[in-house]
Amino acid sequence: MLAGRPLATVWVVVPTRTGAESFRRRLAVAGGAMGASVLRFDDLYTEVLALAGQFIPVADEAVVHRMVRSAIDSLHARARLAYYTPIRRSPGFVRAMAEHIAEFKRAMLPPDQLLEALGEAPPRLREMAAIYHAYQEGLRTLGWADREGAGWLAVRALQNLPELLRSVELLIVDGFDSFSPLQLEALHALRTQVGALRITLCGEHDMSRAAYRRFDRTHRMVTRRLAPEPVMLPPATMRPAALTQIERRLFAADSQPVDGGREVMLLEAQTQALEAREALRWIKARIQRDDLDPSDCAIIAPDLRPYQAYLREAAREFELPVRLVLGDALATNPAIAAILNLLQLPLLEWPRRLLLNVVSSPYFDLGRCGLVDGDALELEEAARAAQVIRGLDQWRDGLAMLAEAVPPAAEEDETPLRAPSGATARRLADAIDRLADRLRPAAEAALAEHAAWVLERLGDAEGFAVERQARAVPENAPRDLAALEALRQQIDALVLSERALPNPLRLTYREFIDELQGAVNAATYQPEGEQTWRGSRVYIADLAQARGVPFPAVALLGMAEGLFPRPLREDPFLTDNDRLALIDRGLHLEPRLRSDQQTVFYEAVTRAERFLLLTRPYLSPEGEAWEPSPYWQALREVVRVEPQKVRSESWLALAEAASRSELIAQALLRGSLPEDYEELGGTWREAQHARRVLEARLARQAEGELDGRTADLAPRLREAYGPQHVFSPGRLETYGGCRFHFFIQKALELEELADPEEGFDPAQLGTMLHEILEEVYARVTDAANLEALIESLGPVAERVFADAPRRLGFRPSPLWEAERAGLVEDLRQTLHALHAYASGFHPVALEARFGMDGEPLRLATQAGEVRLHGIVDRVDADAGGRLRVIDYKTGSSRLAMRDLEEGRRLQITIYGLAAEQVLKLGTLAEGAYWKIRQAEASALKIEALDFESQGGQRYTGVTGAADLAREYVGQYVAGIRAGDFRPAPPEGGCPAYCPARLFCWRYEPA
Ligand code: SF4
């Protein structure tokens, strides 16, 4: 039209930012047009208002959100909100109201007209209209507009100033499939002002195809309002035959399929993760083999959220530059998560884990508070030693206690105290105080004051230099700086929105943090920062964002039932019946459940100019079969193409591998790496080793050096656990339960660093009950005197419980008093039951030690002489010198005869032998465990043993128990010295106290 006039003023209106970029690129390829401006409708309204001399502040999304909330609050305060009162503060409700208000405004429906049209409608609708009214009043009072309101004003300016856009010679509207009444009204007003108005719409003479449903409606609306003279453009001729067939025949009833060739491909992937990966591999192949540029390629999904993380990960691995148009969730950025942790500290009363996270975070320079590298570990040890759970007082008291404590010398078999003490503990206490001083927010303030305080905490002068810290890690700096900028924008928007409120309330710090958290949760950011919009990148977007933009190569993901077409759901605030009633009264609303998703699919697949890939997952996240979308089938009706099926372990031609790791994974599947890839030799060897490890761990039975047999360590183990080593029965029982458990907990001495919790743990409970029983029996002269025993129980228990928290290191729970009373009652019952159980036996030794400072028990076993030590809880004797050995237990697991027979309980027999042979207290006759809290003896009694081994050996009574114990001790010691630590979950599952369960590949829950 304007050929030969490059300076002509041309405005082009497109639906999206990407559409604008694409149009500019196409203009540049076609030779450019100096006078062309490419805009979206919002930009168009702004331009019109500027030309009309109207400069009105336009509220962005965050401001709109706050103003809607304020409108809801003010209606509630005036008792004009009843129906929605219960949900009035929910973020989802506020967002829904904001969306409906925007819809009313796009329909050019003012609040008064809506209220009038509603008449005697139910409160659900009238209250929504009232919220709209109050919101609009708020905007009007301030002299602000929202985006749609700017459109209203622009339309009015165009109607009042008929010459306003005379200078625009050509206005092109391109890439739309529908227009809102507001957009149509703007075009109507522009039509008589600009030199020429050209609207391009998809379609042909016959618009009856299902693919055209939405276009057809739009054609009719445009025709009704603008009365244009339609011109039919010739169809594009450059597309491959299969893509032309899709464009012309998709959803047509009478199509004959054509061959898809290499231009159209269908791919069925096992999971959505694999789908994302395969789409990127296909794109990479198009770039490398078909000479496309990354910016020529697009990945589109009906809903990008399930794919976003997978796409990022695969793009990084394949070294493909990508642009995810919707960005990433701001709350998932580690710098932002760390900042929110920091700001929550005073609110949540300085909980242990949160404080440790803050102190160890690389995003904060806490040097000014006196905290340095490694202090997080010191504080963690301090918290564990001093049982700090939360609260500045607990931190102060705990560190003060440690500052005064003298670290005890480490005893054999005990881990030395690692908690900070002395000057270190004092320095840490000062540092926590200084940190608390800097993190003391105002209890209540204006939102802007809270925001300024937060920004100060992030800065260099008064704060923790977050930006400087983020810059110090170059590989993550662009991502984190972009996120920090997005956070600042969110804070600015909150401040701005408060200024926009007529009577802003003062907020508590908690309310402010809730506001900030809500804003962060709703925000996204581009991890590549400004780079996102530079350079050539693969475009990744959802269907709405990809409207109207053609690409040479398009991959469309998510072609599965339930994903596309999306299930239509009734709008609970404005149902389709409500809408139809309002449409009957002449309002320009649209039914929501009207499905024209075939048009959306048609638009998506016709974005492809040269290559098209459709993918679908065939298994749901729950592992069930996932049916294809009906549109998948529709496409196959017009194009002959056999879908390829891909599983994670599918073979791939090595030349198809899109990254080094993928190439290695494929070579592993084949079992060899071709010579051409010699430079990957090192990685290949590592991968082969990794595969062998994995195979060993997945084998049914643990076997071999990759799953617990450490023959290499045998010489050192023979030395460490040689004839001089004194074993404890408990450790050997651990080995008998699971060999790897022994290796991790006893040989390597790894322990789980459990978080301190309120209350005592099972080991602390056991210590308290043992101490009480020992002292009660020690106090009385005659253990048969039950009355005397019961009488001494109270005072003894009182004394033990009184300093148990400090001495054993636990923080009493609020139930401590009640727990104590319950434990005393359990002990009283147990004293009664022990009295009844005595039957002529009386205590002759309590807490009797052997093999610790004196002579050990020596057992002759198949592994040679084995030495043992221990502390026997109690040895009773009868008048004939016959001994009964008792071991107190606070838990009651594994105390059956089978545990004795199968070598899981050795202790009671070994203690009996020690009482007889080392302590020389008499002749061993009986032995049992005593379940303190059940007040009964265990079913396991050594004198009751009657067991035949698989080899036919019979073991009976005390002598049999001693022989059996000797056999097991010999086996276990031989196994330990040989380095046999193969993991095998004990019968009934792995114990909660096995530290290996956090990483063990054979873990089975109990
Ligand atoms: S987790 Fe289970 S199998 Fe693994 S070491 Fe512990 S007890 Fe053995």
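The shell around the ligand is made up of 11 nonpolar residues, one polar residue and two charged ones. This model is predicted. Which residues come nearest to the ligand? They are Cys738, His741, Cys990, Cys994 and Cys1000, out of 14 residues around the ligand. The ligand itself sits in the largest cavity.

Now turn to the nonpolar cores. In soluble globular proteins, nonpolar side chains tend to be buried together. The largest nonpolar core here has 73 residues. Within this core, Val68, Ile131 and Leu165 touch the most other members. Helix α6, residues 123-142, supplies the largest share of the core, with nine residues.

Take a closer look at Val68. Set aside its neighbours within four places in sequence. Val68 is then in contact with Val94, Met97, Ala98, Ile101, Ile131 and Tyr135. One of these partners, Ile131, is again a residue that touches the most other core members.

Finally, find Thr909. This residue lies in helix α34, which covers residues 907-917. Is Thr909 buried or exposed? Its relative accessibility is 1%, and buried means under 20%, so Thr909 counts as buried. What does Thr909 touch, not counting residues up to four places away in sequence? Its contacts are Leu900, Ile942, Ala961, Ala962 and Ala965.

Note on methods. Residues numbered from 1 in each chain as written. Predicted model: local features only at pLDDT ≥ 70, side-chain atom pairs only at ≥ 80, totals over all residues. Heavy atoms only, no water. Core = buried A, V, L, I, M, F, W, Y, C linked by side-chain atoms within 4.5 Å. Buried < 20%, exposed > 50% of the residue type's maximum accessible area, 1.4 Å probe, protein only. Helix = DSSP H or I, 4+ residues; strand = E, 2+ residues; numbered from the N terminus. Contact = heavy atoms within 4.5 Å. Near = heavy atom within 4 Å. 1 Å grid on protein atoms, 1.4 Å probe; cavity = no way out; pocket = protein on both sides within 12 Å on 5 of 7 lines; lining within 4 Å. Sits in = over half its atoms within 2 Å of the grid points. Nonpolar A, V, L, I, M, F, W, Y, C, P; charged D, E, K, R; others polar.
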